[in-house]
Number of protein chains: 4
Amino acid sequence: MIVTDTLVSFFLETRQHTEDICKPLEIEDYVVQPIVDVSPPKWHLGHTSWFFEEFILKPYKLNYKLFHDDFAFVFNSYYENVGKRVVRNDRGNLSRPGVAKVYDYRHYVTSEMKDFLTELHNTDKGISEKIKDLLLIGIHHEKQHQELLTTDIKYILGNNPLLPKYNDNFTENPIQNFEREWIDMKEGIYEIGHNNPDAFCYDNELGQHKVYLHDYKISNKLVTNAEYLTFINAGGYEDFNLWHAEGLDWVRTNNIKAPMYWHNIEGKWHQYTLQGLREIDLDAPLSHISYYEAFAYTQWKSCRLPTEFEWEAAQNNFEWGSRWEWTESAYLPYPNYTKAPGAIGEYNGKFMVNQKVLRGGSVATSKNHTRPTYRNFFQTNLRWQFTGLRLAK
Amino acid sequence: MIVTDTLVSFFLETRQHTEDICKPLEIEDYVVQPIVDVSPPKWHLGHTSWFFEEFILKPYKLNYKLFHDDFAFVFNSYYENVGKRVVRNDRGNLSRPGVAKVYDYRHYVTSEMKDFLTELHNTDKGISEKIKDLLLIGIHHEKQHQELLTTDIKYILGNNPLLPKYNDNFTENPIQNFEREWIDMKEGIYEIGHNNPDAFCYDNELGQHKVYLHDYKISNKLVTNAEYLTFINAGGYEDFNLWHAEGLDWVRTNNIKAPMYWHNIEGKWHQYTLQGLREIDLDAPLSHISYYEAFAYTQWKSCRLPTEFEWEAAQNNFEWGSRWEWTESAYLPYPNYTKAPGAIGEYNGKFMVNQKVLRGGSVATSKNHTRPTYRNFFQTNLRWQFTGLRLAK
Amino acid sequence: MIVTDTLVSFFLETRQHTEDICKPLEIEDYVVQPIVDVSPPKWHLGHTSWFFEEFILKPYKLNYKLFHDDFAFVFNSYYENVGKRVVRNDRGNLSRPGVAKVYDYRHYVTSEMKDFLTELHNTDKGISEKIKDLLLIGIHHEKQHQELLTTDIKYILGNNPLLPKYNDNFTENPIQNFEREWIDMKEGIYEIGHNNPDAFCYDNELGQHKVYLHDYKISNKLVTNAEYLTFINAGGYEDFNLWHAEGLDWVRTNNIKAPMYWHNIEGKWHQYTLQGLREIDLDAPLSHISYYEAFAYTQWKSCRLPTEFEWEAAQNNFEWGSRWEWTESAYLPYPNYTKAPGAIGEYNGKFMVNQKVLRGGSVATSKNHTRPTYRNFFQTNLRWQFTGLRLAK
Amino acid sequence: MIVTDTLVSFFLETRQHTEDICKPLEIEDYVVQPIVDVSPPKWHLGHTSWFFEEFILKPYKLNYKLFHDDFAFVFNSYYENVGKRVVRNDRGNLSRPGVAKVYDYRHYVTSEMKDFLTELHNTDKGISEKIKDLLLIGIHHEKQHQELLTTDIKYILGNNPLLPKYNDNFTENPIQNFEREWIDMKEGIYEIGHNNPDAFCYDNELGQHKVYLHDYKISNKLVTNAEYLTFINAGGYEDFNLWHAEGLDWVRTNNIKAPMYWHNIEGKWHQYTLQGLREIDLDAPLSHISYYEAFAYTQWKSCRLPTEFEWEAAQNNFEWGSRWEWTESAYLPYPNYTKAPGAIGEYNGKFMVNQKVLRGGSVATSKNHTRPTYRNFFQTNLRWQFTGLRLAK
């Protein structure tokens with residue numbers, strides 16, 4: 001059981017960490033939305049605050065006064081149950097509320113939450129399970145947005161013609177100084193899903209259940225930039241036999257020739273990183289690829305992607321956490337999956353179609369946010385997350 | 001083992017049946033392509049002929065003379081390995097080759113194939129396994145197009161403001177005169193996939209393998225028009241909690257209010273059928289719905305769709321074959337799936353992303369074409385096939 | 001004054017000529033609509049019949065029985081005053097009514113019209129001025145569609161990969177065996193517009209009025225293919241200084257490199273004509289260019305296009321009638337232009353924005369259809385008419 | 001003749017005024033681009049500076065050092081002759097260079113220009129005619145952008161759900177306290193265009209020439225909000241007979257029901273102004289309408305719009321300058337119009353197609369920027385400028 005003190009600290013640290021991520025930004029960086037998937041940083045700051053206001057303060061805090069009547073409209077993301085919201089691709093058109101005002105909003109919500117939790121803590125009953133659950137979801141929701149903040153900032157700066165750097169300390173490329181090996185996994189029944197009732201998890205991990213796996217092998221090491229470069233140089237993007245029909249359309253329509261953030265400058269491949277533009281780090285794990293590219297690479301290697309079940313069954317045999325790893329699994333409900341009622345139930349279930357599961361975590365994932373049963377998911381064409389791949393066969 | 005005589009008859013009967021389907025058409029009906037998914041009937045006639053020409057006659061028949069040099073360009077569908085092709089949504093812009101010419105082409109190919117097979121049959125070795133395999137694929141390919149022909153004709157006539165009927169004999173709505181019951185299925189390991197080496201199947205059914213299923217219940221009866229009408233009348237299309245986010249976008253963008261071919265005429269629901277416009281048959285199995293609608297209906301019933309594995313494991317406990325049944329399963333490769341080399345390998349594998357599996361078969365499916373392991377697949381928004389659903393929980 | 005007998009003959013000849021244009025077609029050619037601007041030939045046949053039915057037979061013929069209740073819906077083009085209509089880009093999706101049925105409709109309308117006119121003729125009063133006016137508009141309307149029929153047929157056949165010819169007798173390229181000269185026109189006031197009350201004209205030609213023209217020169221000869229080829233070879237399509245900003249976008253977006261129907265086959269320019277594909281006729285007047293291309297060519301020659309007023313003032317000094325000639329004039333109302341009330345008023349006025357005037361006539365224009373004051377008009381990007389240009393300075 | 005001292009002051013005042021317009025902005029307001037036609041304020045600040053750098057400092061100032069190598073790429077608008085530019089609808093995705101940096105750029109350019117002009121002034125020859133011409137174009141170019149800055153700011157704030165005001169002093173709605181009258185204008189020849197060689201004008205006003213006008217009447221007063229409200233209440237937006245076909249499409253596709261910035265709040269019409277949201281000022285001249293709306297209103301009044309020639313011939317008989325007045329004239333070159341060579345020639349000529357001329361000026365037009373011969377021009381659907389109309393007949 002998490003004790004209340006720890007919970008309040010956890011909340012406050014999380015709130016602080018979100019702001020720390022934004023420290024290197026100029027005010028202008030908070031405002032823009034270059035593509036629909038990338039939200040303006042100030043929107044993330046407001047939205048994560050709105051979440052606590054909407055789901056905890058408004059319904060549970062006595063005499064809670066909304067910071068601003070129109071902010072729910074501005075900062076709701078996709079919760080149909082909670083009323084109208086700014087259309088997602090209009091977020092970048094809003095210059096107001098300004099950054100300072102959004103920080104006021106954040107601080108107001110943080111402070112109100114702190115007061116509210118402290119008061120409850122000092123009552124006889126303490127914080128109820130209901131509130132604890134909502135608080136934990138709110139904290140983990142904010143941790144998810146911390147990762148999105150990082151990747152959205154990378155997109156905003158990395159698509160600016162001046163290619164400004166974020167800061168000098170963010171290390172995207174961890175060292176993988178070990179040999180590539182195939183891990184042999186044995187046929188049989190495996191338990192999949194989250195089963196620790198004392199630890200937080202999302203509803204999409206629940207319903208621990210049995211899955212039958214056949215013999216398979218899985219690599220102990222992520223595919224590297226050097227390996228992917230060989231694929232590019234061998235004409236991988238032009239060889240239609242390696243691609244899904246849909247992937248090929250995507251490659252041709254968008255004229256894709258390399259991972260996102262790769263620039264060929266006078267014959268030499270560079271990549272934009274949060275530390276600025278630099279030559280490709282050949283030993284680093286490949287990043288910023290779509291599922292289509294991950295799949296095509298496996299075809300070229302006469303291998304395949306692991307399913308999310310194979311990944312979970314094997315994960316304690318290899319290092320993971322620097323890249324979100326595309327799996328072959330579609331994002332689907334586990335047996336006995338049930339959606340929570342109301343707005344909180346919109347968290348995961350309504351996205352369970354035409355997306356792929358990614359497992360692991362990335363260099364942008366917040367501390368303590370991922371775990372072996374964590375199921376991330378994205379559409380097959382998206383690349384602005386730190387996405388990579390691991391071979392199976 | 002299929003003996004050669006039977007094979008030749010099978011081929012000739014298939015070729016004939018395709019033409020029989022077109023008997024009720026006027027010449028003009030052969031030409032149009034109202035949406036990208038619906039091909040002009042004359043294109044189906046040509047394309048199924050081109051398949052035999054391209055994959056059997058051209059490579060294997062000595063001194064085979066192409067019927068026309070440009071027809072490969074006109075009638076190739078999506079085989080990247082076989083060169084350029086008319087873009088799919090331009091098929092309806094081609095008035096030439098005319099219908100008579102396309103029939104000439106068909107008859108030429110049929111006759112050349114018959115000669116070729118007969119000659120081989122009369123040699124000592126008979127027809128080689130290689131040719132038999134290609135022939136069977138070609139026949140089953142044509143049977144798939146027979147179903148598409150039927151549904152495409154329905155679309156062409158059913159979206160014409162005059163609503164002409166196809167013919168009086170085509171019965172879309174079989175009688176389901178039995179009670180609804182839940183079939184109880186027991187937890188355990190089930191064998192999934194095709195394992196009869198003597199019978200034809202597609203590559204996507206192969207790799208028979210073990211799947212672990214938990215206890216589940218599956219309905220013995222398809223959802224009926226009457227039941228779905230209750231969902232409509234209860235405001236199912238407006239209740240956002242029932243839909244995937246993507247499904248809701250689809251409903252709103254396309255202003256969907258009922259299954260395809262349903263018309264509300266002065267307060268009374270009608271449906272366009274191949275026998276013309278008539279009042280809704282309440283007892284008939286629901287048809288022409290998207291996956292999104294199938295899913296929303298299950299949510300409203302607090303049930304779910306079966307997975308394709310659950311369906312296959314239970315299928316001998318219920319009647320099936322009048323509707324393609326949407327399953328919850330994404331269309332993915334089975335363990336050990338391998339793609340055939342070259343153009344034939346493009347048949348299935350390259351579509352294994354962002355589609356859903358449908359099981360069963362429909363009133364438009366050609367005789368002997370479906371089986372318990374058959375995996376049909378479509379994008380989640382498509383409705384012009386005879387698609388329905390069966391509840392599980 | 002046109003006497004009634006002549007009028008009836010004029011009507012019947014016009015009706016017949018429309019059908020003559022379609023003689024070389026196969027049934028399939030009547031059905032398709034490859035782009036929104038090109039209507040299926042059977043639609044033209046029906047629409048020109050509907051015009052007489054809607055504006056004459058229905059309101060004026062006693063006890064007239066509509067041929068079919070739904071045909072007004074199918075064959076209305078753009079008349080908002082006359083109710084709903086099939087959306088323009090859906091015309092090519094309609095296989096029914098079939099071609100035979102449309103001819104039945106034509107013949108029914110022709111016959112009813114003939115009876116109606118003959119009866120009126122035999123009364124004491126004869127055909128009223130009101131009916132005569134409507135009849136003449138109907139006939140000239142049909143002549144306009146005769147030209148569209150020809151150009152739409154050219155588009156349908158000329159964009160088919162088999163490039164079938166229309167017939168051997170249609171001469172697109174008249175001989176221009178005379179020297180190029182500049183005609184000097186003197187500054188002063190000119191009378192512009194139609195002023196013969198006994199002759200038919202459209203409302204957009206009326207309101208004869210004075211226009212002040214400054215000294216100008218106009219070429220006696222249309223620009224030829226040979227001359228335009230020099231422009232192409234000099235890089236005219238790539239030199240942005242020659243183009244309007246909007247024209248440059250059009251060139252780049254559509255990857256335009258030559259007039260419509262030009263094909264560069266192994267380094268040699270060919271053009272598709274109604275007589276089939278043949279090498280470019282260098283001496284022939286240039287055809288099938290957009291206004292943007294016409295303009296860019298004038299810039300390259302340090303000249304300009306004439307205004308429609310300059311063209312009309314000078315027209316009896318040169319030969320014209322083989323190409324519709326783009327002018328610099330926007331399509332605008334003449335002073336004192338007044339729109340007829342009701343549907344007939346929709347004929348011209350509602351198109352007087354963002355289009356350019358073309359003057360002259362073309363090899364596809366029906367006999368007696370054009371005249372010096374005739375104002376044709378199209379959007380600046382359209383090329384499927386026989387459009388050319390004449391220089392001024 | 002303008003003496004040099006005055007020129008330098010004129011330059012410096014203009015530079016200062018641009019910055020004054022931005023005074024009320026928050027930093028975030030400088031960054032966004034809600035629609036393609038509206039540029040971010042910081043872009044205007046940079047672009048008007050780039051203009052002086054590119055066309056004067058770079059070619060003419062000895063040893064001039066560019067402020068930043070990449071700024072030409074960022075701040076070029078549409079000059080093809082000067083190299084690549086940021087695509088227009090990407091301007092709002094650029095958070096860098098930040099606002100402070102853009103002001104540094106401005107001040108650097110202003111200071112370098114001041115030094116350059118002062119040095120020239122102190123030489124024997126003084127500032128050459130060539131430089132004077134470029135300087136004047138640069139100043140008037142900046143004045144045009146001052147008006148765009150104002151209207152773009154209005155769009156950015158007026159489309160924000162919080163509807164923040166710009167400032168309290170900006171008066172959009174001047175008083176028109178005089179009676180409506182028709183001014184009678186006599187038939188005859190009028191001189192049109194600019195003919196004072198000592199005063200600045202754009203190339204599109206040159207080529208003074210004769211135009212023949214017929215008798216006409218023109219209103220001494222702009223159409224008011226009250227009058228337009230009557231049109232709205234009479235169902236003007238629904239009556240298809242009043243609209244161009246293209247205008248009707250625009251109304252239906254965009255669901256237009258009132259001028260831009262009008263909000264019907266609980267049955268009462270309000271308008272967003274730079275002073276914030278307020279009730280409609282009934283006596284104020286109508287503003288923020290498209291050409292399509294202006295035209296439809298004239299049809300409803302059985303009147304018409306004046307041509308630009310009629311407007312210019314009559315303009316000293318009425319007050320003007322609070323609204324850009326749509327005319328019926330298409331934006332076309334005057335007789336003898338010649339484009340300047342190189343990039344400066346791109347200023348006007350390449351837009352002379354499919355746009356309409358507006359005459360007069362508006363409350364947002366900078367002092368001394370407009371004149372009776374000034375030809376403004378926009379596409380027919382645009383409404384974010386202060387556009388209104390005056391009736392003619």
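**Questions on a predicted model**

His141(A) lies in helix α5 of chain A, which covers residues 129–158. The structure discussed here is a predicted model.

Reader: Is His141(A) buried or exposed?

Author: A residue counts as buried when its relative accessible area is under 20%. For His141(A) the relative accessibility is 2%. Because this value falls under the cut-off, His141(A) is classed as buried.

Reader: Which residues does His141(A) touch, not counting residues up to four places away in sequence?

Author: A contact requires heavy atoms within 4.5 Å. Residues up to four places away in sequence are set aside here. The partners that remain for His141(A) are His47(A), Thr48(A), Phe51(A), Tyr79(A), Tyr202(A) and Tyr347(A).

Reader: How many helices and strands does chain A have, and why is chain A said to be as compact as a globular protein of its length?

Author: Chain A has 9 helices and 11 strands. For its 393 residues the globule rule gives 21 Å, and chain A is as compact as a globular protein of that length because its radius of gyration is close to that value, at 22 Å.

Reader: What share of the residues of chain A count as buried?

Author: The C-alpha atoms of chain A fill a box of roughly 65 × 55 × 35 Å along the principal axes. The chain exposes about 15,700 Å², with carbon and sulfur atoms supplying 50% of that area. Of its 393 residues, the share that count as buried is 61%.

Reader: Among contacts in chain A between residues at least 6 apart in sequence, what percentage join residues at least 24 apart?

Author: The count begins with contacts in chain A whose residues are at least 6 apart in sequence. Within that set, the contacts joining residues at least 24 apart make up 77%.

Reader: How far apart are the mean positions of the positive and negative charges of chain A?

Author: Chain A carries 42 positive and 52 negative charges.

Reader: Which three residues of chain A supply 19% of the area that chain A buries against chain B?

Author: The contact between these chains takes 35 residues from chain A and 35 residues from chain B. The area buried between them is about 2,900 Å², and carbon and sulfur atoms give 54% of it. On the side of chain A, the three residues that supply 19%, more than any other three, are Glu80(A), Val353(A) and Asn354(A).

Reader: Which residues of chain C lose the most area to chain B?

Author: Chain C and chain B bury about 2,300 Å² between them, of which carbon and sulfur atoms give 59%. Three residues together account for 31% of what the side of chain C buries. They are Glu28(C), Arg96(C) and Leu162(C).

Reader: How far apart are the closest C-alpha atoms of chain A and chain C?

Author: No contact joins chain A and chain C. Their closest C-alpha atoms are separated by 14 Å.

Reader: What is the distance in space between Gly207(B) and Asn336(B)?

Author: Gly207(B) is found in the loop between β2 (188–192) and β3 (209–213) of chain B. In sequence, Gly207(B) and Asn336(B) are 129 residues apart. From C-alpha to C-alpha, their distance in space is 5.8 Å.

Technical notes:
Residues numbered from 1 in each chain as written. Chains lettered and ligands numbered in written order. Predicted model: local features only at pLDDT ≥ 70, side-chain atom pairs only at ≥ 80, totals over all residues. Heavy atoms only, no water. Helix = DSSP H or I, 4+ residues; strand = E, 2+ residues; numbered from the N terminus. Rg over C-alpha atoms; globule rule 2.2 N^0.38 Å. Buried < 20%, exposed > 50% of the residue type's maximum accessible area, 1.4 Å probe, protein only. Areas by Shrake-Rupley, 256 points an atom, 1.4 Å probe, with all protein chains shown as cover. Lys, Arg positive; Asp, Glu negative; His and termini not counted. Charge placed at Lys NZ, Arg CZ, Asp CG, Glu CD. Buried area = accessible area lost by both parts, 1.4 Å probe.
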